[in-house]
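Hi there,

Here is the structure I promised to pass on to you. My notes on it follow just below.

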Amino acid sequence: MADRDAARPGAGQDAAEATVTFTLDGREVTARKGEMLIAAAERAGTFIPRFCYHPRMSSVGVCRMCLVEVSGPRGATLQPSCFIEATEGAVVDTLSDKVKKAQDGVLEFLLVNHPLDCPVCDKGGECPLQDQTLAYGPGESRFVEEKRHFEKPIPVSELVLLDRERCIQCSRCTRFASEVAGEAQIDFIGRGEEIEVNTFPDLPFSSYFSGNTVQICPVGALTAAPYRFAARPWDLDQVESTCTTCAVGCRVAVQSSANRVTRLLGIDSDPVNHGWLCDKGRFAFEAVNDGDRVTEPMVRIDGELTPVTWHEALERVADGLRSAAADGPEGIGFIGGARLTNEGAYAWTKLAKGVLGTDSVDAQLGDGLPAAAVLGLPRATIDQAATAATVVLLAGDLREELPVLYLRLRSRVVGGDLSLVELSPQATASTPFASVSLRYRPGDAAGLARAMVDDTASLPAGTDPAALAEARRLTGSGPVVVVIGRPSLAEDGRLVAEAARILAEARPDCRFLPALRRGNVLGALDMGMAPGVLPGRVDLDDARAWFAREWDTVPERAGRDTVGMLRSAAGPAAGGSGDPDPTVRVRALVLLGADPTGDLPDARLAGEGLDGAEFVVQVASSTAALSTRADVVLPAAEAHERPGTTTNIEGRVTRLGQKLVPPGQAWPDWMIAAELASHLDADLGLDSLHGVWDEVERLAPAYRGITRSVLEAAGGDGVVAPLATSGVGISRRSVPGPLDPIAFPGVESVERQGAPPRAGFAESPTAVTTAAVATGGEGGAADASGREDGGTEGDGPPARPPLLGVPADLGAPRVPPTDSYTSRLVASRRLYDRGAAVAASPALAALVPEPPVRVNPHDLDDLGVAPGGDVLVRTATASLVAPAVADPSLPRKVVAADFNLPLAGGSIADLIDATAPVTELRLETP
Amino acid sequence: MAVTDAPRIVTSRIGFDDSHTLERFLATGGYEGLRKALTMTPEAVAHEVDAASLLGRGGAGFPAGRKWSMLRKNPVSYLVVNGDESEPATFKDHLLVERDPHQLVEGVLIAAYALQVSQVFVFLRGEFALGLERVQAALNDAYAHGAVGEDIFGSGFSVDVVLHPGAGAYICGEETALLESLEGKRGFPRIKPPFFPAAIGLYGEPTVVNNVETMSNLPWIIRHGGAAFAALGEGRSTGTRLFALAGHVRNPGVFEIEMVKTTFADLIHAPVLGGGIPHGRELKAFIPGGVSAPWFGPDQIDLPLGQDEVAAAGSMLGSGSVVVMDDHTCAVRAAWRITKFFSRESCGQCTPCREGSGWLERIMERIETGSGREEDLDLLLDVCDNIAPGLTWPPQQTTICVLGPSIPSSIGSAIQMFRDEFLVHIKEGGCPYG
């Protein structure tokens with residue numbers, strides 16, 4: 001797998017790559033050294049039929065469809081071209097009579113036991129077996145005996161069904177499970193023609209990645225429960241898009257029929273997802289189809305949300321916001337934005353900061369990281385992380401939060417090319433293959449980071465010195481990428497960000513990959529949806545003059561974050577020090593596709609804040625996510641219903657495809673902001689989606705040069721912002737992408753990826769360099785800081801503001817020491833939780849677990865509670881009784897629970913105090 | 001030709017009731033070969049084996065000494081002994097592991113010394129309940145005796161030998177499937193190239209895989225010298241060899257016979273060997289080297305029992321199993337029975353063998369049970385051709401391992417030698433033999 005990655009275009013491609021020359025069907029062909037014949041032939045335009053071969057997995061050579069004649073010491077012999085490397089001087093014949101006879105024979109053999117139920121098979125119409133039988137087979141079978149039968153179908157997981165009689169034993173699914181996902185829960189049983197894929201007794205295929213096995217199945221043996229018998233492929237229409245279920249940004253084909261999404265398929269984007277998707281991303285579309293959608297603007301009248309016209313709703317919002325701003329614009333706060341497109345995020349930022357003048361805008365809900373850190377730390381790409389010497393994980397469980405990033409890193413680690421150093425309060429899915437796992441108590445992240453880079457620093461209590469020494473060694477040399485996220489939602493994000501800042505200061509060559517989970521949260525932050533910043537990764541104060549040139553107004557001072565807005569709205573009792581202006585209370589809250597009640601780690605603060613706000617507007621798409629406190633609800637289009645762009649964890653900007661017409665009167669998010677501005681007697685100056693993007697490209701410094709034509713030319717792989725500093729720029733493949741319709745059956749237009757650019761570039765076989773793009777933009781040489789670009793201070797136009805750098809101070813709070821009776825809480829995330837996307841997707845909603853509280857076994861012993869027994873978890877303000885299990889990975893006096901999941905009738909959010917550096921609690925017997 | 005008076009090299013002790021015990025072994029020259037080998041250099045030991053021209057007794061017949069010398073250019077990590085003898089009518093290793101387990105252990109230790117490996121795995125067929133018990137007991141005795149383990153016999157050479165029982169799959173006798181199984185995986189053969197055990201073997205390390213009988217010859221060769229072994233037999237086929245004689249003979253069993261000097265006719269008819277065909281019946285056909293080998297007719301009964309001689313006649317000596325069929329044997333049923341075995345034992349990994357074996361079995365069954373069609377004969381041959389292109393001998397293959405191309409041997413032979421018999425089945429709607 002690892003070698004395979006390296007051999008692929010785009011991944012460490014050197015000009016001085018070793019090549020071999022061989023003869024393919026009588027002509028000279030050049031292959032990369034070590035390249036398999038099947039791949040070399042394909043690049044040379046000769047397609048060799050295959051079933052088991054998959055470019056993203058190891059070769060097994062079992063289907064025998066790709067047999068070709070290869071010259072050898074004993075004459076030409078039939079060899080599997082997926083298993084034989086191209087060697088210098090080899091003579092390969094893919095068209096001889098012998099090859100043709102072998103191919104005919106293999107196809108006839110495959111059809112011996114394969115039922116000819118194509119008319120009722122979901123794969124019919126996009127089936128590699130069907131297609132290759134047409135292209136290569138003998139046409140007619142001589143098999144007159146009875147075929148084998150199996151009970152059909154059997155569930156291999158909650159989401160995947162298996163019709164064993166259709167299986168051709170190619171082992172794609174079992175290989176995916178074992179080598180890509182690392183979850184070898186399906187395998188062959190039996191032998192001979194009785195061989196079948198199955199699960200182990202009483203152990204379902206419980207992988208988060210099970211849907212990929214369905215997608216790569218070359219026959220109709222594996223089907224996904226939501227798609228089984230749902231459609232015929234020729235009735236489906238497709239657009240390419242980017243999955244925004246999390247922030248990895250997997251490329252997807254969205255396929256629909258009759259204005260309903262029928263399925264999502266992964267597209268092989270070399271820098272991002274390699275064709276894989278997680279099951280949440282793949283199946284959460286059900287929420288778009290079947291979730292109860294908000295289809296009309298509504299206003300609360302006599303306690304009831306009542307449908308009104310857009311005009312009435314927007315008038316009401318405008319009135320509410322005007323009166324909330326009576327004491328100053330900071331009386332209005334905007335919470336959320338990660339569900340918006342980049343264009344929507346920019347439009348709402350411009351409305352909030354550029355029209356209303358409030359800087360209290362925050363796309364994160366107390367579950368993220370300070371924008372200054374996310375935007376200011378040198379950013380890594382996923383490829384840079386995958387090809388680094390060492391990756392430091394200072395984040396939640398990647399398999400739970402950013403599943404496909406987990407796959408990308410895992411494959412490199414188990415391939416032996418990458419070392420993993422994990423800094424986490426508890427074991428994660430990455431722990432088994434991490435070189436070092438350093439456990440820490442919540443609050444000690446920064447101390448641990450300090451100890452990693454400074455021999456003289458004092459070690460946080462409980463740190464294993466040997467593990468620390470190994471972590472130092474692994475991070476001491478070679479490229480290091482730090483994946484930074486939230487190991488615990490009950491630990492202030494600034495504490496983790498401070499740890500990253502320490503590493504960045506000590507190792508200036510270190511790069512960072514933010515493990516923020518919400519769909520387009522990185523795009524929203526880039527578009528300025530955080531206090532203290534403006535669009536394009538610039539500081540509010542640095543960029544005030546630049547934006548003042550075009551915007552009606554620019555906030556006078558930094559605003560509040562989500563926690564601050566809710567504390568202010570809750571009233572003086574909840575207010576605290578650090579509030580930018582305690583005199584201007586937040587009176588109106590605009591919730592942009594977010595609901596603090598479920599999303600904020602601190603449920604009490606969310607409730608008090610919403611209750612305390614005088615006026616609440618919610619832009620929403622799902623009734624399930626509607627706040628009971630909303631005074632006005634504005635219906636917004638969802639994913640797959642709106643075009644635009646999104647930005648992933650790398651800063652990679654890709655285009656979203658619109659496949660559906662939004663239901664009822666739902667509008668694209670940017671349009672709601674523009675229309676609301678007009679009701680506020682302002683003109684946002686944004687008349688079209690393209691217009692919004694043109695303004696982003698013109699004004700947002702980090703997006704300079706990423707014009708619409710650049711985005712179009714970049715295709716599915718997108719462009720990493722900012723162009724000049726990323727060292728990546730346009731990562732469009734220098735050779736055509738895979739033409740292999742067998743690798744990802746069902747994806748219609750894979751060949752479009754890597755197609756020659758249509759606009760803005762010369763037709764060139766080599767990758768367009770970053771420089772070419774940067775100088776191609778308007779205004780000549782524009783480096784990332786833009787310092788060469790602007791005029792002088794005072795006279796003339798204001799300078800393009802510099803991009804944020806490594807923050808000097810994040811204001812991380814001091815963590816008070818605890819007494820020996822006090823534990824600290826770890827609140828982690830699970831992929832399937834009570835969030836709206838899962839709740840409204842029937843296939844996924846059934847998978848939401850109800851995990852117990854986890855406690856260090858000695859602490860449980862001290863308490864006298866047997867594993868599985870109930871414990872009482874008490875904080876200063878709340879308590880709950882829940883079953884507890886022993887987790888030896890946890891340090892002493894650390895209690896772990898999962899956020900946004902049912903817990904003994906309550907929720908861990910009832911205990912979390914978002915205003916404290918860490919949530920402290922006591923463990924007692926109930 | 002005749003039955004020669006050659007020395008018994010591997011069966012010298014089997015006349016004793018306690019042949020499997022350490023006491024008997026030591027009383028009959030046991031471990032003398034090992035003790036002698038330990039006084040020699042590893043190269044000298046290997047040289048003796050090379051000089052003996054000991055052909056591998058597992059079926060392929062590759063010279064053991066040459067295999068080792070090729071390998072000793074690079075350090076070998078593991079020696080693996082293949083005792084997964086599972087083919088119908090093949091039972092010569094069965095005798096060796098039950099009746100002379102110490103001889104096997106001694107041979108293994110000599111090989112380990114010659115190859116300078118410190119870890120040996122002996123993979124024995126799981127159904128060999130008594131054999132497993134006795135080899136394990138022999139190993140335990142040998143450890144206690146100082147012949148295995150740390151610093152064996154004070155020589156400074158250390159080696160561990162682990163006995164591993166198979167789990168019932170014939171395919172694990174294929175050496176790369178055996179290695180997979182040893183590694184704890186499904187017994188799926190590996191693709192060669194590149195997974196030749198000598199290059200990428202057990203746990204990815206260079207590995208020698210040798211057969212039980214091959215190992216059992218080593219103590220004698222070291223005690224008496226490679227030249228004494230090479231003086232027996234003729235040409236490349238030196239020494240003696242075990243033949244498992246089965247089928248329609250009065251006296252089936254395992255016989256140690258000097259190679260080349262003896263013919264199939266001797267083996268089948270000599271009173272001290274097979275004792276002839278009972279009930280006054282005539283020879284119809286025989287399989288010279290296990291059920292994967294093409295059949296011979298009575299006209300080839302005077303062929304000598306030599307590897308190259310049998311190969312030149314279009315079949316193989318293989319694993320040393322000779323199956324005799326008298327003239328009351330239904331060729332269709334015999335070939336069907338063999339096909340059924342391979343179909344059951346196909347590992348299911350690669351397409352032509354998995355699907356082809358079952359298909360062939362069904363066609364054969366149909367012909368035998370009276371539902372055959374004339375075109376089935378061409379169909380059988382063409383399906384066979386799609387597994388072993390050209391139907392040549394030795395076969396080419398579209399499969400990963402040689403199990404697949406073993407199937408066409410009996411079907412091809414039966415059709416070629418007894419085409420009329422097939423046609424009778426088809427025309428009369430059933431088996432004329434009842």
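**Where the two chains meet**

In this complex, 28 residues of chain A are in contact with 26 residues of chain B (contact: C-beta atoms, placed from the backbone, within 7 Å). On the side of chain A that touches chain B, the elements giving two or more residues are β4 (77-80) and α3 (97-113) of chain A. Of these, α3(A) gives the most, with nine residues. Helices here are DSSP runs of H or I with at least four residues, strands are runs of E with at least two, and both are numbered from the N terminus. Sorted by class, that side of chain A has 14 nonpolar, seven polar and seven charged residues. Nonpolar covers Ala, Val, Leu, Ile, Met, Phe, Trp, Tyr, Cys and Pro, charged covers Asp, Glu, Lys and Arg, and the others, Gly among them, count as polar.

Please keep in mind that this is a predicted model, in which local features need pLDDT of at least 70 and side-chain atom pairs count only at pLDDT 80 or more, while totals for chains, interfaces and linings use all residues. Residues are numbered from 1 along each chain as its sequence is written, and chains are lettered from A and ligands numbered from 1 in the order in which they are written.

**Confidence**

The predictor gives the complex an ipTM of 0.96 and a pTM of 0.92. Chain B averages a pLDDT (the predictor's confidence in each residue, from 0 to 100) of 96, and 99% of the residues in chain B score at least 70.

**The chains one by one**

Chain A has 29 helices and 36 strands. Its radius of gyration is 28 Å, close to the 29 Å that the globule rule gives for 926 residues, so chain A is as compact as a globular protein of that length. The radius is taken over C-alpha atoms, and the rule is 2.2 Å times the number of residues to the power 0.38. Chain B has 16 helices and ten strands, and its C-alpha trace spans about 75 × 45 × 35 Å along the principal axes.

**A helix pair in chain A**

Helix α9 (residues 310-324) and helix α23 (residues 669-679), both of chain A, pack at an angle of about 65° with their axes 9 Å apart. Axes are lines fitted to C-alpha atoms, for helices over the stretch in contact, and angles run from 0 to 180 degrees between N-to-C directions. Leu314(A), Glu315(A), Val317(A) and Ala318(A) in α9(A) meet Glu675(A), Leu676(A) and His679(A) in α23(A). These contact residues divide into four nonpolar, one polar and two charged.

Enjoy exploring!

Key: Contact = placed C-beta atoms within 7 Å.
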